[in-house]
Amino acid sequence: MTAKISYSDVEVGTELPAQTFPVTRATLVRYAGASGDFNPIHWNEKFAKEVGLPDVIAHGMFTMAEAIRVVTDWTGDPGAVVEYGVRFTKPVVVPNDDQGAVIEVAGKVAAKLDDNTVRVDLTATSAGQKVLGMSRAVVRLA
C-alpha cells in the first residue's frame, strides 16, 4: 500500500478528519483476549476501585491504537506511519452501562519534514479530559 495523501497537497495546519471511538466493557474483554493483557483493572470494577481507580479503565495501548486510526484512515496506509509515541495522561474510564465511554480524536499536521514526511499531532479526549499527551506521529506521504 502507499499513502493516498500527497506531500505536496499538505500544509502545516492541515486538519485530519476527527473521529470518535466507543469503548464498552465488551470492547475491553475482546482487547484483553487479543493482547493477552488480562489485568483486572480493565474488566473487574471491584478490583479497579480497590486499587484507587474510579472504575474499570481502558488499556493504554488500546487507547493509543484507537488514536492512531485517525492517521492511518487519513493516509489510507497503516505502513505510512514511521514513528508514533504518546504519554498516558489520564485513564479512559469505562462504566458498566449501555454507553460505556467515548474516545474523541483530532489531528493536525504540525510540521513538514524531509523525505515526504510530516509530523501529525493528535489530541485524544474522553469525558472532557485529555487522555493522551505528546501524541505525535511521523508519517510518510506519497
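Student: Buried means under 20% relative accessible area and exposed means over 50%, with partly exposed in between. How does Glu45 count on that scale?

Tutor: The model is predicted. Glu45 counts as partly exposed, because its relative accessibility of 28% falls between the 20% and 50% limits.

Student: What does the side chain of Glu45 meet in a salt bridge?

Tutor: The side chain of Arg25, with N to O at 3.4 Å. The pair links distant parts of the chain, with Arg25 in helix α1 (residues 25–35) and Glu45 in helix α2 (residues 45–50), 20 residues apart.

Student: And Arg25, buried or exposed?

Tutor: Arg25 is buried, at a relative accessible area of 13%.

Student: Which other residue forms a salt bridge with Arg25?

Tutor: Asp55 does, and the closest N and O atoms are 2.7 Å apart. Asp55 counts as buried, with 10% relative accessibility.

Student: How many salt bridges does a search of the whole structure find?

Tutor: The search finds 8. One of them joins Arg69 and Glu66, where the closest N and O atoms are 3.0 Å apart.

Student: Where do Arg69 and Glu66 lie?

Tutor: Both are in helix α3, 3 residues apart, which is about one turn of the helix. Arg69 is partly exposed at 35% relative accessible area, whereas Glu66 counts as buried at 10% relative accessibility.

Student: Back to the shared partners. Which residues do those salt bridges join into one network?

Tutor: Arg25, Glu45, Lys49 and Asp55.

Student: Different topic. Where is Thr72 found?

Tutor: In helix α3. Thr72 counts as buried, because its relative accessibility is 15% and the limit for buried is under 20%.

Student: What does Thr72 touch, not counting residues up to four places away in sequence?

Tutor: Asp77, Pro78 and Val81. The side chain of Thr72 also reaches the backbone oxygen of Arg69, at 3.3 Å.

Student: What separates the C-alpha atoms of Thr72 and Val139?

Tutor: They are 9.1 Å apart, although the two residues are 67 residues apart along the chain.

Student: Now rings. How many aromatic pairs are there?

Tutor: The count is 1. Tyr31 and Phe62 form an edge-to-face pair, with 5.3 Å from centre to centre and 70° between the planes.

Student: Why edge-to-face?

Tutor: Because the planes are 70° apart and anything over 60 degrees counts as edge-to-face. The pair links distant parts of the chain: Tyr31 is in helix α1 and Phe62 in helix α3, 31 residues apart.

Student: Which charged end sits over the ring of Tyr7?

Tutor: That of Lys112, 4.2 Å from the ring centre.

Student: On to the strands. In which sense, parallel or antiparallel, do β1 and β3 pair?

Tutor: Strand β1 (residues 15–23) and strand β3 (residues 101–112) are antiparallel, over 7 bridges. Phe21 has Ile103 in β3 as its bridge partner.

Student: How many bridges join β3 to β4?

Tutor: There are 8, and β3 and strand β4 (residues 117–126) run antiparallel. Val105 stands opposite Ala124 in β4.

Student: Which residue takes a positive phi in the hairpin of β3 and β4?

Tutor: Asp115, with phi near 60°; the hairpin has 4 residues between the strands.

Student: Zooming out, what does the secondary structure come to?

Tutor: It comes to 3 helices and 5 strands. Along the sequence the pattern is β-α-α-α-β-β-β-β. The C-alpha trace spans about 50 × 30 × 25 Å along its principal axes.

Student: Of the 142 residues, what percentage count as buried?

Tutor: 39% of them. Among contacts with a separation of 6 or more, residues 24 or more positions apart account for 68%.

Technical notes:
Residues are numbered from 1 along each chain as its sequence is written. This is a predicted model: local features need pLDDT of at least 70, side-chain atom pairs count only at pLDDT 80 or more; totals for chains, interfaces and linings use all residues. Side-chain values use heavy atoms; hydrogens and water are left out. A salt bridge is a side-chain nitrogen of Lys or Arg within 4 Å of a carboxyl oxygen of Asp or Glu. Helices (H or I, at least four residues) and strands (E, at least two) are DSSP runs, numbered from the N terminus. Buried means under 20% relative accessible area, exposed over 50%, partly exposed in between (1.4 Å probe, protein chains only). Contact means heavy atoms within 4.5 Å. A polar contact is a pair of N or O atoms within 3.5 Å; within protein, one must be able to donate a hydrogen and the other to accept it, and residues adjacent in sequence count only if both atoms are side-chain atoms. Rings of Phe, Tyr and Trp (its six-membered ring) pair if their centres lie within 6.5 Å; planes under 30 degrees apart count as stacked, over 60 as edge-to-face and the rest as tilted. A charge sits over a ring if NZ of Lys or CZ of Arg is within 6 Å of the ring centre and within 35 degrees of the ring normal. Two strands pair if DSSP finds at least two bridges between them.
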